[in-house]
Amino acid sequence: MLAWLGTTSCGGPPPTPASEQPVAAVAAPPWFTEQAAETGLAFVHANGASGRLLYPEILPPGVGLVDIDNDGDLDVVVPQGRPLTERRAATSTTEGHGAGGPRLFRNDLTIGADGARTLRFTDRTAGSGLVMPEFALGIASGDIDDDGFVDLYVTGFDGSRLFRNRGDGTFADVTASSGVGSTGRLAVSAPFVDVDRDGRLDLYVAKHGAYRTDNRTFCPNPAGAPDYCPPQIYGGSPDRFYRNLGGGRFRDDTATALPGLTARPGLGVATADFDGDGWLDIFVANDGEPDFLWVNQRNGSFREVGLAAGVAVTGEGRAEASMGVDAGDFDNDGDEDLIVTELTGQGTNVFVNDGAGRFRDVSAASGIGGASLPATGWGTAWIDVDNDGWLDALTVNGTIIAQDGRAGRPFPYDQQKLLFRNLANGRFDVATGRAGPAFAASESGRGAAFGDLDNDGDVDVVVGNDNGPVQVLINEIGHAAHWVGLRLVGRHGRDVPGARVVVSRPGHPDLWRRARADGSYGSANDPRIVVGLGADGTAPAMRVRWPDGSEESWASVAVDTWTTVRQGTGR
């Protein structure tokens with residue numbers, strides 16, 4: 001019924017959070033350590049920037065955490081760039097290896113008899129079939145044909161591509177035969193989501209703009225020098241919706257599914273049941289224009305209600321430069337709240353859900369809005385860093401305006417990451433100083449993917465930096481608390497994005513968490529769920545709401561281990 005995958009020892013309750021204090025006064029150990037070099041994930045993104053200020057250069061890369069080979073650990077996929085003046089033929093099996101296209105790193109995690117974990121990545125790009133001539137930007141993941149192997153959709157400039165996982169470590173380009181097409185100027189985020197409850201994953205592609213490389217418009221930065229322009233300069237492209245027909249085939253159903261669609265520059269996308277009716281909805285972060293909230297009408301179509309729901313603009317009525325997004329229950333009241341990253345001077349937005357899909361802007365009251373004003377945010381997530389049962393927030397940042405005093409940097413658009421710890425009262429403490437030296441490093445952060453790389457029961461982060469090295473941030477404190485690790489598998493044998501689980505224990509609030517690979521920015525997250533339990537190691541009861549509307553419950557679920565939960569095996 002519940003299949004045991006692995007276990008880890010538990011070392012006691014999480015550390016008590018320190019009050020806000022200067023970084024210099026914070027004691028070790030750090031909450032995260034950066035381990036890209038020692039784990040072998042030797043990847044440096046190259047955006048091909050040559051001083052021509054070609055707009056797509058400012059957008060990548062996303063990151064994918066995907067178990068490509070079904071061995072129980074997360075592999076890493078990162079899109080590589082190239083000079084936009086070149087377009088390479090997708091014929092060489094090594095085309096994606098350092099010269100554009102996605103790079104694939106296999107996770108060769110080993111666990112010793114004493115429980116010690118050794119995390120190691122091996123570059124398996126050559127011969128993988130992950131090749132594309134387009135300028136790659138983001139990663140989306142999902143099992144499109146229910147064969148038990150996760151497939152990849154790689155977004156890009158001048159086209160995106162769908163790769164079917166053959167199950168042997170290689171992929172086939174099925175873009176043309178699948179019906180998703182490869183046309184379209186610019187796309188970054190594209191989640192797979194079953195919107196009609198037919199058991200098949202559909203595809204929403206957020207289009208960002210109609211940019212062309214022959215567009216020679218330049219925009220001055222505050223110093224008067226030419227710099228990258230906002231997307232509104234180039235005009236928008238309408239998003240696309242592809243319905244999964246089964247057998248790996250899709251149909252463009254945009255006109256039916258998204259009536260009244262307008263062209264806006266979409267970036268991050270999060271799918272969740274925002275109004276609590278059991279059907280999955282879609283939130284799209286639009287850059288500089290009102291955000292979309294597409295509410296599922298239960299008939300294969302959506303209704304756009306962003307303004308009426310209170311999430312299209314801020315509480316002051318401003319449309320801001322929304323980029324990254326995540327949905328999660330940060331206040332533990334059973335519904336999906338939103339975090340949306342914005343431009344420097346605007347501050348990250350936090351919207352709290354009333355349970356019926358109506359939202360209130362609590363950016364200032366939460367403490368996140370004001371503390372994030374100096375940052376331009378991209379990848380983000382609600383993440384329970386210390387497994388105390390309350391979702392914290394992490395943002396990856398980097399400007400779109402060249403920074404002064406960055407002599408020697410080929411791409412001077414860097415900023416520091418931010419970490420906010422949930423104080424369990426609607427407010428967040430700035431915890432960046434406790435996160436470790438990796439958070440003091442200034443990088444041009446873009447995509448961020450969140451998942452348990454070493455299967456020790458806490459959430460790690462892989463950060464994609466534009467024109468810079470990838471970062472592997474290993475969580476060093478979460479597994480000190482008790483936790484439940486869950487992989488939710490549907491009747492067709494695949495991970496089920498959109499499934500919601502609630503764990504219940506006497507004397508504690510119910511904890512609602514959602515299986516999802518989408519959210520953040522241009523990235524694919526671990527579809528598994530980590531539920532932090534704090535100091536109480538009592539085995540909780542569990543109930544799962546599956547995307548098809550059915551519910552099941554289990555009297556108890558194992559603590560401090562990973563468990564696979566299969567649909568149809570509960571009460």
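The tour goes from the whole chain to strands, then to a disulfide, and ends with cavities and pockets.

**Before selecting anything**

The model is predicted, so local features need pLDDT of at least 70 and side-chain atom pairs count only at pLDDT 80 or more, while totals for chains, interfaces and linings use all residues. Residues are numbered from 1 along each chain as its sequence is written, and side-chain values use heavy atoms, with hydrogens and water left out.

**Stop 1: the whole chain**

Show the chain as a cartoon. Its C-alpha atoms fill a box of roughly 65 × 55 × 50 Å, taken along the principal axes. The chain has eight helices and 40 strands; these are DSSP runs, numbered from the N terminus, with helices being H or I of at least four residues and strands being E of at least two. Of the 571 residues, 60% count as buried, where buried means under 20% relative accessible area, exposed over 50%, and partly exposed in between (1.4 Å probe, protein chains only).

**Stop 2: strand β14**

Select residues 202-205, which are strand β14. In a regular strand the side chains alternate between the two faces of the sheet. Here Asp-202 and Tyr-204 lie on one side and Leu-203 and Val-205 on the other, and all are buried.

Strand β13 (residues 192-193) pairs with β14 in the antiparallel sense over two bridges; two strands pair if DSSP finds at least two bridges between them. Phe-192 has Leu-203 as its bridge partner in β14. Three bridges join β14 to β17, and these two strands run antiparallel. Within β17, Arg-240 is the bridge partner of Val-205.

**Stop 3: an open sheet**

Select β23 to β26. They form an open sheet of four strands in the order β23-β24-β25-β26, with antiparallel pairing. Which strands stand at the edges? They are β23 (325-328) and β26 (359-361), each with a single partner strand, so one side of each is left without a neighbour in the sheet. The twist averages 20° from one strand to the next; the axes behind such angles are lines fitted to C-alpha atoms, for helices over the stretch in contact, and angles run from 0 to 180 degrees between N-to-C directions.

Zoom in on β25 (residues 349-353), which is joined to β26 by three bridges. Val-352 has Arg-360 in β26 as its bridge partner.

**Stop 4: the disulfide**

A disulfide is a covalent bond between the sulfur atoms of two cysteines. Searching the whole structure for cysteine sulfur atoms within 2.5 Å finds one disulfide. Select Cys-219 and Cys-229, whose sulfur atoms are 2.1 Å apart. The torsion about their S-S bond is about 105°, so the disulfide is right-handed. Cys-219 lies in strand β15 (residues 219-220) and Cys-229 in the loop between β16 (226-227) and β17 (240-246), so the pair ties together parts that are ten residues apart in sequence. Both Cys-219 and Cys-229 are buried.

**Stop 5: cavities**

Rolling a probe the size of a water molecule over the atoms shows where empty space is left. On a 1 Å grid over the protein atoms alone, a cavity is a set of points where a 1.4 Å probe fits but cannot get out, and a pocket is an open set with protein on both sides within 12 Å along at least five of seven lines; lining residues have an atom within 4 Å of a point. Grid points are joined across faces, edges and corners, and a volume is the space filled by probe spheres set on the points.

There are four cavities of 30 Å³ or more. The lining of the largest cavity has ten nonpolar, four polar and eleven charged residues; Ala, Val, Leu, Ile, Met, Phe, Trp, Tyr, Cys and Pro count as nonpolar, Asp, Glu, Lys and Arg as charged, and the others, Gly among them, as polar.

**Stop 6: pockets**

The largest pocket has a volume of about 420 Å³. Select Asp-67, Val-150, Arg-487, Asp-495 and Pro-527, which lie nearest its centre among 27 lining residues.

Last, go to the second largest pocket, with about 280 Å³ of space.
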